[in-house]
Amino acid sequence: MVARVRTVAFQGIDVVPIDVQVQIAGGSPNFMLVGLPDKAVGESRERIRAALAALGLALPPRRITVNLSPADLAKEGSHYDLPIALGLMAAIGIIPTDLVESYVALGELALDGALTPVAGVLPAAMHAASHGRGIVCPAACGGEAAWGGFESVDPAGEDDAAAGRRAARCGEVVAAPSLLALINHFKGTQVLAPPQAMLAADEGRYPDLRDVKGQESAKRALEVVAAGAHNLLMTGPPGAGKSMLAARLPGLLPPLEPDEALEVSMVQSMAGQLGEGKLTRRRPFRDPHHSASLVALVGGGMRPRPGEVSLAHHGVLFLDELPEFNPSAIEALRQPLETGRVTVARANAHVTYPARFLLVAAMNPCRCGHLADATRACGRAPRCGADYQGRISGPLYDRIDLAIDVPPVAPADLALPPPAESTEDVAARVLAARTRQRQRFAELARRTPSLMAGVRPHANGQADGELLTAIATPDADGRALLARAVERLNLSARGYHRVLRVARTLADLDASDSVRRLHIAEALSWRRMQPRAAMAA
């Protein structure tokens, strides 16, 4: 007899179904795991022995074979403990075999039989719900698993029919604190309460733009960046307020859309960072130190995990002191900036993570930071600035939509009263612009389905190809100005399209249906082709 339990393996945030097959046969006592298990999976034998012994159970002195199918797919992680244990208990008659086959199980066993949290429960729960199965997981992951049957993170306002359809898609969620509680639940002697899907509590107010004195041009750039999801580079001396401005950008962004929130939460689940299984509507803000390695930034490793670019999915990735990062790590940003995903290539597999982030970078004009101040600049100026800014390659500069200079704040400005305009005021304009963009994309999807086939943009900064042409064709004066700029500034095709995206966002902020000449002119003013220190040298 072979007992079967379903579980999953992960390739990025994609879920691969795994069939755990347990056979107990005659022969010399042995416990064998086959199906390309890694070290953590192989050690599950000892954890399972100890957990069963803690319950007063012992494995039969027979030949036990556990096959993880498909056998040619490498199995990694400790979440195979629970499905293997369930298969063993079904094989020796402790729990019904037909019952465990209707669930997807994952969880790690402690030596005393407790179930400890594992990563990836949310994608596994969504996979189980899509196949009409329940899920068995540790109690600490129950809130996360409860979201598996939702297509969004906003169940409020769901009518009875929609709730019924969702319930039909979502099987039972069994979140057990221990193996003993799980056995009792399956036998009917103990009832485990179903976990509740919960949203994280509001974490308080964002830093306010009213704290920033002066820097009106930089504030305007932040508004444009937030309204259209564009990339930004800030260059200025130390203490000018670059980090302060970047910290206030998340407060300008609209809350995550329901589908965006699920994608963000799936990445956080794979990284083991979904606190208490509660989903959030706040956009991520990641600010890794410049000593971060290539793997830490883009993901990977012996057991691939999402990197900072994926943890910033649908949010902000802030790279302070950009030239100080490892050059290979900086150049690795080029693919995700263009495609919205990052692919980690391994010898036996390719793992892809979503990485649709908004890049905000800050840098000094030179190593000493005072290139523009002749009284404080070092003796190598302006050559030191050219060398320092030259550490950023031209192709990466070409992917920056807005590049601004952040000058030092004058002492007189610091003594002025706080600005009248707050983060809430700017965020309201950003939300209005984003609403226009969503309505435009929805109308295009209705009128021209082929134009939106396979594309799901949420902002102008994500539009490309025919879609960009459809939403951002300038008027006659704008086209003439852009044509002259292409010749004089030697714009690349990528630079040309990025100017159009920014111009479309500027038009949305003005509540204009058409992209006019002034929008093209302002978009061109934000564009920088190469480091200015390099041009000066």
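**Before starting**

In this predicted model, local features need pLDDT of at least 70 and side-chain atom pairs count only at pLDDT 80 or more, while totals for chains, interfaces and linings use all residues. Residues are numbered from 1 along each chain as its sequence is written, and side-chain values use heavy atoms, with hydrogens and water left out.

**Stop 1: confidence**

Colour the chain by pLDDT, the predictor's confidence in each residue, from 0 to 100. The mean for the protein is 87, and 92% of its residues reach 70 or more. Select residues 155–170, where the pLDDT is below 50; beyond near neighbours in sequence, this stretch has 13 contacts (heavy atoms within 4.5 Å) in the model. Residues 531–537 also have pLDDT below 50, with 12 such contacts. Where pLDDT is low, the predicted coordinates should not be read in detail.

**Stop 2: the largest pocket**

Select Phe10, Glu76, Met270, Arg303 and Arg305, which are the closest to the centre of the largest pocket among its 36 lining residues. The pocket holds about 640 Å³ of space. A pocket here is an open set of points on a 1 Å grid over the protein atoms alone, where a 1.4 Å probe fits, with protein on both sides within 12 Å along at least five of seven lines; lining residues have an atom within 4 Å of a point. Next, display strand S1 (2–11), helix H11 (258–270) and strand S16 (350–354), the elements that give two or more residues to the lining. Helices (H or I, at least four residues) and strands (E, at least two) are DSSP runs, numbered from the N terminus. The lining divides into 16 nonpolar, 11 polar and 9 charged residues, with Asp, Glu, Lys and Arg counted as charged, Ala, Val, Leu, Ile, Met, Phe, Trp, Tyr, Cys and Pro as nonpolar, and the others, Gly among them, as polar.

**Stop 3: the salt bridges of glutamate 338**

The model has 28 salt bridges, each a side-chain nitrogen of Lys or Arg within 4 Å of a carboxyl oxygen of Asp or Glu. Select Glu338, Asp398, Arg399, Asp401, Arg494, Arg498 and Arg527, which are linked in a network of these bridges.

Centre the view on glutamate 338. Its bridge to arginine 399 has closest N and O atoms 3.4 Å apart. Glutamate 338 lies in helix H15 (residues 334–339) and arginine 399 in the loop between helix H17 (394–398) and strand S18 (402–405), so this pair ties together parts 61 residues apart in sequence. In the bridge from glutamate 338 to arginine 498, the corresponding distance is 3.6 Å. Arginine 498 is in helix H22 (residues 493–509), 160 residues from glutamate 338.

Now compare accessibility, where buried means under 20% relative accessible area, exposed over 50%, and partly exposed in between (1.4 Å probe, protein chains only). Glutamate 338 is partly exposed at 31%, whereas arginine 399 is buried at 9% and arginine 498 is buried at 3%.

**Stop 4: a second bridge to helix H22**

Select aspartate 464 and arginine 501, whose side chains meet in a salt bridge (3.5 Å, N to O). Aspartate 464 lies in the loop between helix H19 (423–447) and helix H20 (465–471), and arginine 501 in helix H22, so parts 37 residues apart in sequence are tied together. Aspartate 464 is partly exposed at 40%; arginine 501 is buried at 7%.

**Stop 5: glutamate 308**

Finally, select glutamate 308 in helix H13 (residues 308–311). With 15% relative accessibility, glutamate 308 is buried. Not counting residues up to four places away in sequence, glutamate 308 touches Arg286, Pro288, Ala296, Leu297 and Leu317.

Key:
Grid points are joined across faces, edges and corners, and a volume is the space filled by probe spheres set on the points.
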